[in-house]
Amino acid sequence: AVGLGSKDETVETSGIVHVLEHYILFRGTETRSGSEVSRDIRRHGAYFNAHTGQDLAFFEISVPTSASDFALANQKEILFHLKITQAELDAEKEIILEEFRQLEDDPFRYATDLVYQNLFKGHPYANPLIGDPEVITNLTAEKVDALYRRYFVPPNCALAVVGDFSLEEMEQKVRQVFADAKGEPPPPSAFEPAQAPEKAVDLEVEMDVQKAYLVIA
């Protein structure tokens, strides 16, 4: 988990964390292309995914216990040795822009997004997780790389490992794999506490779906 989420974005950077999350999963590092990373993941029988939240960005991988060395090395490489190019970024942006169209067809995700926007109006938690399509369209590799280098450093991350192994053995592996990962912690962010809405918000959205969805917050 990386201490970076949608709450850290502004109107000018809306969606940049989500873009970076996608890029890390599917694009290349300093030593492997995105297709090579995917190939190695499949060869080890692994499942991997990532999620953007208000506070954190999560990167997960599940493998047989025998492939734990690979899993640790893979996560270290994609998180701390990313190679960001404009061509790869543009290709990933197209996929994310397609997600916007899918969001409009997903009643529950769309409703949840609207809930956050109204419950936390005026607060960073109201920032949409998926971002702003116009901002994403105009993102440059330089801007994404600057964010990456600032936040993707060991002092701003946490690692959790769950599986069939001894704690002592796994701790030794983690220390060996991540020993040379360096970086200075980013300056701490400060936010005002979220305030309760001034009044109740009753929002009704009509969509072309066969079920009714009710989200209360």
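In which sense, right-handed or left-handed, does α1 pass α4? In this predicted model, the crossing of α1 past α4 is right-handed.

The chain contains eight helices and two strands. Followed along the sequence, these elements are arranged in the pattern α-α-β-β-α-α-α-α-α-α. The C-alpha trace extends over about 55 × 40 × 35 Å along its principal axes. There are 217 residues in the chain, and 41% of them count as buried. When contacts between residues at least 6 apart in sequence are considered, 80% join residues that are at least 24 apart.

Returning to the opening pair, helix α1 covers residues 16–26 and helix α4 covers residues 86–103. Their axes come within 10 Å and cross at roughly 120 degrees. On the α1 side, the residues that take part are H18, V19, H22, Y23 and F26, and they meet E88, L89, E92, I96 and E99 of α4. Sorted by class, this contact is made up of five nonpolar, two polar and three charged residues.

A polar contact of 3.4 Å links the side chain of H18 to the side chain of E99. With residues up to four places away in sequence left out, H18 touches E9, T52, I96, E99, L129 and I130. Two of these partners, I96 and E99, belong to the α4 residues already listed.

From α3, the residues S68, D69, L72, A73, K76 and F80 meet M170, K173, V174, V177 and F178 from α8. The residues of this contact comprise seven nonpolar, one polar and three charged.

At the start of α5, a side-chain oxygen of D106 comes to within 3.3 Å of the backbone nitrogen of F108. The buried residues of this helix are P107, A111, D113, L114 and V115.

What, finally, surrounds V2 in the model? This residue sits in the segment before α1. Its relative accessible area is 1%, and V2 is therefore buried. Apart from neighbours within four places in sequence, V2 is in contact with D55, L56, A57, F59, Y151, F152, N156 and C157. The C-alpha atoms of V2 and F58 are separated by 6.5 Å, although the two residues are 56 residues apart along the chain.

Note on methods:
Residues are numbered from 1 along each chain as its sequence is written. This is a predicted model: local features need pLDDT of at least 70, side-chain atom pairs count only at pLDDT 80 or more; totals for chains, interfaces and linings use all residues. Side-chain values use heavy atoms; hydrogens and water are left out. Buried means under 20% relative accessible area, exposed over 50%, partly exposed in between (1.4 Å probe, protein chains only). Helices (H or I, at least four residues) and strands (E, at least two) are DSSP runs, numbered from the N terminus. A polar contact is a pair of N or O atoms within 3.5 Å; within protein, one must be able to donate a hydrogen and the other to accept it, and residues adjacent in sequence count only if both atoms are side-chain atoms. Axes are lines fitted to C-alpha atoms, for helices over the stretch in contact, and angles run from 0 to 180 degrees between N-to-C directions. A crossing is left-handed if the near helix is turned anticlockwise from the far one by less than a right angle, and right-handed if clockwise. Contact means heavy atoms within 4.5 Å. Ala, Val, Leu, Ile, Met, Phe, Trp, Tyr, Cys and Pro count as nonpolar, Asp, Glu, Lys and Arg as charged, and the others, Gly among them, as polar.
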